[in-house]
Amino acid sequence: MPYWQIISLALTVYWTASAAVADAYKIDPGPFEAESAEISVPFPALDKQLPLRIDYPAVPGPHPVIVFSHGGGCPKDMYLRLSDHWASHGYVVILPVHADSRSLGLSFAGMDPKKMGQLVYNRRYDMQHVLNSLVNIEAQVPELAGQLDHNRLIAAGHSMGGAT
């Protein structure tokens with residue numbers, strides 16, 4: 001068999017196998033339509049407003065709550081496919097926008113390491129504040145009134161968010 005036919009056959013086998021594997025790892029959409037809201041909650045202890053994105057299923061709950069912490073320096077919308085996916089499976093997902101988010105105009109370039117350390121340290125307070133603000137969140141997003149299960153709470157994150 002000529003060399004070009006061997007290469008052609010090998011590529012055909014590779015592409016066929018790749019397509020089969022790709023189908024096996026497709027995201028399984030959940031049974032619920034996902035809705036979203038963007039709000040801010042006052043955070044007097046850190047003298048700021050804490051921006052939040054909330055994704056939630058458009059069906060009656062109550063639903064478990066996932067508070068998801070983004071990676072260091074990440075834009076606020078980086079994890080929307082993940083949060084929409086979780087919401088479509090019956091979770092309310094709250095994504096705080098930490099002070100180190102690129103969406104708030106922050107750049108780590110040339111930043112004083114002490115200031116960077118404080119930003120990272122304050123992330124845990126953001127997460128705690130979200131949990132302490134569930135009633136406020138329900139008041140700001142009327143569709144969520146009575147929909148958050150205050151006893152089923154999950155913390156998740158990616159990269160620096162996972163460390164948070």
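Glu 38 is partly exposed, at 48% relative accessible area (buried is under 20%, exposed over 50%, partly exposed in between, with a 1.4 Å probe and protein chains only). This is a predicted model, where local features need pLDDT of at least 70, side-chain atom pairs count only at pLDDT 80 or more, and totals for chains, interfaces and linings use all residues. Residues are numbered from 1 along each chain as its sequence is written, and side-chain values use heavy atoms, leaving out hydrogens and water.

**Exercise 1.** Find the salt-bridge partner of Glu 38 and say what the pair ties together.

*Solution.* Start with the rule: a side-chain nitrogen of Lys or Arg within 4 Å of a carboxyl oxygen of Asp or Glu. Lys 76 sits in the loop between E3 and H2 and Glu 38 in strand E1, so the pair ties together parts 38 residues apart in sequence (strands are DSSP E runs of at least two residues, helices H or I runs of at least four, numbered from the N terminus). Lys 76 is partly exposed too, at 32%.

**Exercise 2.** Which strand does E2 join in antiparallel fashion, and by how many bridges?

*Solution.* First, the criterion: strands pair if DSSP finds at least two bridges between them. Strand E2 (residues 48-57) runs antiparallel to strand E4 (residues 92-96), with 4 bridges. Next, pick a residue: Asp 55 stands opposite Val 93 in E4.
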